[in-house]
Structures are given as structure tokens and as C-alpha cells.
Amino acid sequence: MSAVPTELPLFAPPESAAPRIREIPYNYTSFSDREIVIRLLGEASWALLDELRGERRTGRSARMLYEVLGDIWAVQRNPYLQDDLLDNPRRRKLLLAALAHRLGEIDKRREITELAADAERDRKVGLLLEAARGAVTAFGAEFERTARLRRRARRLLGRHTRADAIRFDAYARVSHVTDATDWRVEYPFVVICPDAEDEIPGLVRACIDLGLSVIPRGGGTGYTGGAIPLTFLSAAINTEKLERVSEVEHLALPGVGEPGA
């Protein structure tokens, strides 16, 4: 029996025609380049970048911009790198300087390439640079904001639970980024592991005062995504220590004639 030849182009375009799936360095996440650009620069910037890349006139500049976004993205998606940069202001300063330098090189290329002779294209590149510089500034400011919020959180949460039950370390945040769905959106800002039920009301009130979304979490075995943080400003309250089930209490509830369970 002879084999039937398969026309591969029916299933996939030739390599030369196939679009590159990933151009942003260090992007080993489920986010596409488009999603990352929109998250860091905004949707209007993605439209500009996609248009310029399609013209095949700013390839080198686009790659340099992607490198800047890749550095920011790698840190934002890795709590271990975040902690290292939080603990090392000098290293953080060097990284921010390197990002600014790379954007400066893109700006220089505007003056020595054909972009300078095309006012509209030059305007678009200028808008992208402005958005990228804003992203770098916001990236640097986020470290200071995080450090301040951590200090405040330790103070407020520490009134209701032990200090070692308040976890900002990378290991705790990584282990609470997802449940059995393995869907990962944002890392929690803090993980709280209370020892007793009576700690919960005060911890929840403190989280609200801090502007944190509260995520109750048990063993992390759910398949509905209910324990997955959708914002960086979230607190995962790990209830694994609260394993004792007490008797049902009957309380008088407002507007109810008889006590309710």
C-alpha cells in the first residue's frame, strides 16, 4: 500500500511566512507579546508597535524596545527577582539605568535613520518611547511603593497574628499564585497564615484598610480558580491551620424571629 502524500502547506504556512509567536525575551509565560505590551504600555501603544513592525522599517528599534519590556516582565513575573532587587537598591539602580540607556539608544536611531525624514513615522516612534519611559518609571516606583506597603502591612496585620504568620517571601507568594487549575494571573502581595479562628476578623479588617482583596484559601485543590489572585494588591489568607470544626452556634440575627445557625 503506497503512502498518500500530505500537502503540509495546507496545515501550516512555510517558515518564512509564519509569524513569530514570541519576540519579547524571557517570556516563558502564557501571555502573548500583545498582552504584555498592552499591560505595560497600553493598547494604543500595541497598535502603533504592530503597525511599525508591519512596515519592516524599525526592526532593530523594535527589538530593543522588546528587550526593555522583557527585562521588566521577567522581574514582574518572578518574585525571587523582585525580592533581590528590593533588598539591593544599587542593583535596582543599575537595572533602571540600563533600561533608560537602551531607550536612549532607540531615540538616537531616530536621528540617524530614514525615520527622521518621515514625520509621521517619527511621531509614532516618539509616542512609543514616551510610553516605554513611563513604564520604566512606573517599574522603578513600584519597588518603593511595595516596600512602604509591606512596612504598613506588617504593622497593621501584626496586631492580630504572629509576625512569622505574615509572609512576603517569594516562596510563599509563588505557592499561592494558583490552585489545581494551574491558572496564573497575579502573585499575591502577602500570604497570611493565622493560627486561630478569632484572628480572622481583625486580619480581614486590616486587609480592607490596606486596600487588599481578600482571598480565603484552604489546601489549594480547587478546580474553579476561586483562590487565584487577579490583582497584585491581594492577600491570600491560608486557613490550613484552622482544622477544628466546632459545634453549630445559633445566634439571633437582625430581622429574623428565631435564632439562626
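What volume does the largest cavity have? About 100 Å³. A cavity here is a set of points on a 1 Å grid over the protein atoms alone, where a 1.4 Å probe fits but cannot get out. The volume is the space filled by probe spheres set on those points. This is a predicted model, in which local features need pLDDT of at least 70 and side-chain atom pairs count only at pLDDT 80 or more, while totals for chains, interfaces and linings use all residues. Residues are numbered from 1 along each chain as its sequence is written, and side-chain values use heavy atoms, with hydrogens and water left out.

Ten residues line the largest cavity (an atom within 4 Å of a point). The closest to its centre are Ser-61, Leu-65, Ile-106, Val-125 and Leu-128. Helices H2 (43-54), H3 (59-76) and H6 (119-157) each give two or more residues to this lining. By class, the lining has eight nonpolar, two polar and no charged residues.

Helix H6 also holds Arg-150. Arg-150 is buried (under 20% relative accessible area), at 11%. Its side chain reaches the backbone oxygen of Phe-168 at 3.4 Å. Beyond its neighbours within four places in sequence, Arg-150 is in contact (heavy atoms within 4.5 Å) with Asp-83, Leu-86, Phe-168, Arg-173 and Phe-189.

Now to helix H4 (residues 79-87). Pro-79, Gln-82, Asp-83, Leu-85 and Leu-86 are buried in H4. They lie on the same side of H4, because they cover an arc of only 165° around the axis. The arc is taken from the directions from the helix axis to the C-beta atoms. At the N-terminal end, Asn-78 caps H4: a side-chain oxygen lies 2.9 Å from the backbone nitrogen of Tyr-80.

Note on methods. On a 1 Å grid over the protein atoms alone, a cavity is a set of points where a 1.4 Å probe fits but cannot get out, and a pocket is an open set with protein on both sides within 12 Å along at least five of seven lines; lining residues have an atom within 4 Å of a point. Helices (H or I, at least four residues) and strands (E, at least two) are DSSP runs, numbered from the N terminus. Ala, Val, Leu, Ile, Met, Phe, Trp, Tyr, Cys and Pro count as nonpolar, Asp, Glu, Lys and Arg as charged, and the others, Gly among them, as polar. Buried means under 20% relative accessible area, exposed over 50%, partly exposed in between (1.4 Å probe, protein chains only). A polar contact is a pair of N or O atoms within 3.5 Å; within protein, one must be able to donate a hydrogen and the other to accept it, and residues adjacent in sequence count only if both atoms are side-chain atoms.
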